[in-house]
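Me: I have a structure open and would like to learn how to read its features one by one. Could you walk me through it?

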Amino acid sequence: MSRKISKTEKFMTELVRERMKESRASAYFGFEVQSVRKGRVIFLLEAKARHKQIHGVVHGGILAALADTAAAIAAYTVVPQGTEVVTVQLSINYLKAAPGGRIIADAKVLRAGRNFVVTECEILNEDRSLAAKALITFGAAAGHSMAK
């Protein structure tokens with residue numbers, strides 16, 4: 001049974017889908033936005049041959065980029081508008097190979113402080129087995145921009 005999606009969640013999801021079109025990296029890797037709500041984001045990746053390393057499983061760097069991207073969007077949902085977030089630390093544990101197919105990134109905000117947002121992201125295989133778990137900290141200072 002699926003839960004009912006609120007108007008706010010629908011709006012946020014569509015907004016993020018539109019903004020993600022501006023990210024060449026996300027487009028190149030094929031990251032898709034499934035859902036966005038305050039403090040939680042779910043991304044999908046249809047893993048293909050181009051995502052795999054020489055042993056035939058999804059490259060760890062692809063999974064780390066997926067976790068970082070999903071978690072960053074989750075962080076953006078809890079900071080004031082106009083705040084930029086930037087990854088300051090990413091730790092990922094690879095627990096099981098990701099052979100391909102549909103990969104799910106489920107990112108959640110654990111704590112949003114004045115200057116940092118701490119998140120976690122679970123990377124799930126198509127069979128819902130846990131492939132990796134990441135802990136990611138973002139710097140988030142209101143009134144500051146990464147642009148020069």
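Me: Let's start with the hairpin: how many residues join strand 4 to strand 5?

Reply: Strand 4 passes into strand 5 through a hairpin of three residues. Helices (H or I, at least four residues) and strands (E, at least two) are DSSP runs, numbered from the N terminus. This is a predicted model, in which local features need pLDDT of at least 70 and side-chain atom pairs count only at pLDDT 80 or more, while totals for chains, interfaces and linings use all residues. Residues are numbered from 1 along each chain as its sequence is written, and side-chain values use heavy atoms, with hydrogens and water left out.

Me: In which sense do strand 4 and strand 5 run, and how many bridges join them?

Reply: In general, strands of a sheet pair through backbone hydrogen bonds, either parallel or antiparallel. Two strands count as paired if DSSP finds at least two bridges between them. Here strand 4 (residues 101–112) and strand 5 (residues 116–124) run antiparallel, joined by eight bridges.

Me: What does strand 5 do with strand 6?

Reply: Strand 5 pairs with strand 6 (residues 130–141) over nine bridges, in the antiparallel sense. V118 has T137 of strand 6 as its bridge partner. The hairpin of these two strands has five residues between them, and R128 there takes a positive phi near 75°.

Me: In what order do the six strands form the sheet?

Reply: The order is 1-2-4-5-6-3, in an open sheet with antiparallel pairing. Its edge strands are strand 1 (31–37) and strand 3 (84–94), each pairing on one side only. From one strand to the next, the twist averages 20°; angles run from 0 to 180 degrees between N-to-C directions, with axes as lines fitted to C-alpha atoms, for helices over the stretch in contact.

Me: How many bridges does strand 2 make with strand 1, and how many with strand 4?

Reply: Six bridges link strand 1 to strand 2 (residues 40–47), antiparallel, with S35 partnered by I42. Strand 2 and strand 4 share eight bridges and also run antiparallel; R40 has K108 as its bridge partner in strand 4.

Me: Which strands does helix 3 lie across?

Reply: Helix 3 (residues 60–76) lies across strand 1, strand 2, strand 3, strand 4, strand 5 and strand 6, at about 135° to strand 3. Helix 1 lies across strand 1 and strand 2, running at about 150° to strand 1.

Me: How many residues does the largest nonpolar core have?

Reply: In soluble globular proteins, nonpolar side chains tend to be buried together. A nonpolar core is a set of buried Ala, Val, Leu, Ile, Met, Phe, Trp, Tyr and Cys residues joined through side-chain atoms within 4.5 Å. The largest one here has 38 residues, and those with the most contacts inside it include F43, L66 and F138. Helix 3 gives the largest share of this core, eleven residues.

Me: Which elements have the lowest and highest mean pLDDT?

Reply: pLDDT is the predictor's confidence in each residue, from 0 to 100. Helix 1 has the lowest mean among the elements of the chain (84), and strand 5 the highest (98).

Key: Contact = heavy atoms within 4.5 Å. Buried < 20%, exposed > 50% of the residue type's maximum accessible area, 1.4 Å probe, protein only.
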